[in-house]
Amino acid sequence: MIKTTAIMLALGLPLTAVSLPAEAAGVTFAIPRPTGAYKVGRDVLHMVDTGRRDPWAPKATPRELMVSMYYPARSGGRPAAYMTIAEAAALLKAQKLDTRVKPEQIAGVRVNAREDARPAPGRHPLVVLSPGFTLNRATLTMLAEELASRGNVVALVDHAYESYGTSFPGGRTLTCAACEAVEKAPSDEASKRLMAKVATGRAADLSFVIDRVTRVTGWRRHAMIDTKRIGAAGHSIGGNAAAALMAADRRVRAGANLDGTFFAPVPAKGLGGRPFLMLGTQSGHSPGSADASWPRDWRRLDGWKRWLTVKDSGHFTFIDLPVLGGQAGITDPEAPLSGKRSGEITTSYVGAFFDRHLQSKKRPLLDGPTRTNPEVTFHNP
């Protein structure tokens with residue numbers, strides 16, 4: 001089967017050659033320091049939804065999730081880990097970087113969050129985050145830390161069997177059974193239907209996470225969360241899942257899609273007037289580009305909305321990978337935006353969106369083009 005570009009992007013398959021210098025093997029990687037007023041704490045939770053069977057599991061087992069809870073903190077705690085060695089090895093192999101970068105380098109990425117840090121007082125909005133198809137949740141660490149530093153609790157979710165490597169309790173590292181199903185689909189249309197299944201399944205996952213972390217039995221710091229201020233965002237299929245979650249769960253007040261095709265469409269009736277941000281690549285998600293789902297669903301959005309694209313960006317621009325790659329001199333000739341700018345643009349615009357719609361803060365950045373961000377174009381087709 002010849003896959004469409006949208007399917008390739010959703011799978012995270014390489015579309016261009018990447019140049020990796022030999023000295024990358026000696027680089028120490030780090031997530032940039034977040035810009036908000038708070039320090040960042042983190043807890044890691046294993047969740048099992050006994051009411052649902054996993055659609056990708058070889059046996060009828062309950063749906064499992066790994067969730068990293070980032071929260072506004074004051075002080076204390078010990079340094080958090082980026083990901084496990086097994087997860088790092090799987091990620092590098094999938095991205096064809098395993099011969100030049102060691103798993104220990106990626107597992108050992110320096111982050112800003114600290115385990116068991118003292119939480120900041122007060123009640124805070126909750127943002128649930130979902131990563132791209134095939135990708136571990138750690139690839140959204142930069143965004144999760146930024147949002148937590150701005151005063152949000154963040155639930156960053158790994159969905160079982162939907163990444164090339166996610167570590168679960170008991171020494172298990174689950175592989176991407178869903179990816180195999182999509183790869184084996186007999187046609188592009190069949191692949192797209194499976195991707196829609198991924199998006200709606202993730203929406204159910206995220207709704208379950210909201211249920212759990214807002215209860216004393218689900219997360220020990222549940223009292224930090226203001227249940228009337230909940231948002232959702234994600235990269236690629238995770239962004240589609242954010243929209244699907246809003247369609248299914250009225251508790252979610254605002255959502256953002258970072259360069260994801262809407263395989264599961266926004267309902268024709270809209271999202272009940274709730275705000276939504278679409279942030280994507282200029283080449284793939286400008287009006288008139290190949291992905292027809294963006295103009296279709298833009299028309300269906302019935303509340304505050306923005307459609308932004310970023311010049312010289314690629315599908316991975318909105319996650320950690322280009323930021324870390326830039327520290328090693330990794331370049332993509334078809335997405336020449338620097339890793340530093342990739343991170344700054346993503347955290348600035350997504351952070352401003354949730355500042356505005358969950359914390360009622362004025363953010364002129366979202367009102368139109370700015371001289372300080374010439375790469376970002378506002379569309380209103």
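Buried residues are those under 20% relative accessible area, exposed residues those over 50%, and partly exposed residues those in between (1.4 Å probe, protein chains only). The structure is a predicted model, in which local features need pLDDT of at least 70 and side-chain atom pairs count only at pLDDT 80 or more, whereas totals for chains, interfaces and linings use all residues. Residues are numbered from 1 along each chain as its sequence is written, and side-chain values use heavy atoms, with hydrogens and water left out.

A search of the whole structure returned 26 salt bridges, a salt bridge being a side-chain nitrogen of Lys or Arg within 4 Å of a carboxyl oxygen of Asp or Glu. One of these links the side chains of Asp49 and Arg52, with an N to O distance of 3.6 Å. Asp49 is buried at 10% relative accessibility, while Arg52 is partly exposed at 22%.

Arg52 also forms a salt bridge with Asp205, at 2.7 Å from N to O. Arg52 belongs to strand S1 (residues 39-53) and Asp205 to helix H6 (residues 188-213), so this pair ties together parts that are 153 residues apart in sequence. Helices (H or I, at least four residues) and strands (E, at least two) are DSSP runs, numbered from the N terminus. Asp205 has a relative accessibility of 0% and counts as buried.

A further salt bridge joins Glu146 and Arg150, whose closest N and O atoms are 2.7 Å apart. Glu146 is buried at 3% relative accessibility, and Arg150 is buried with a relative accessible area of 17%. Through shared partners, salt bridges connect Asp49, Arg52, Asp54, Arg63, Glu162, Arg202 and Asp205 into one network.
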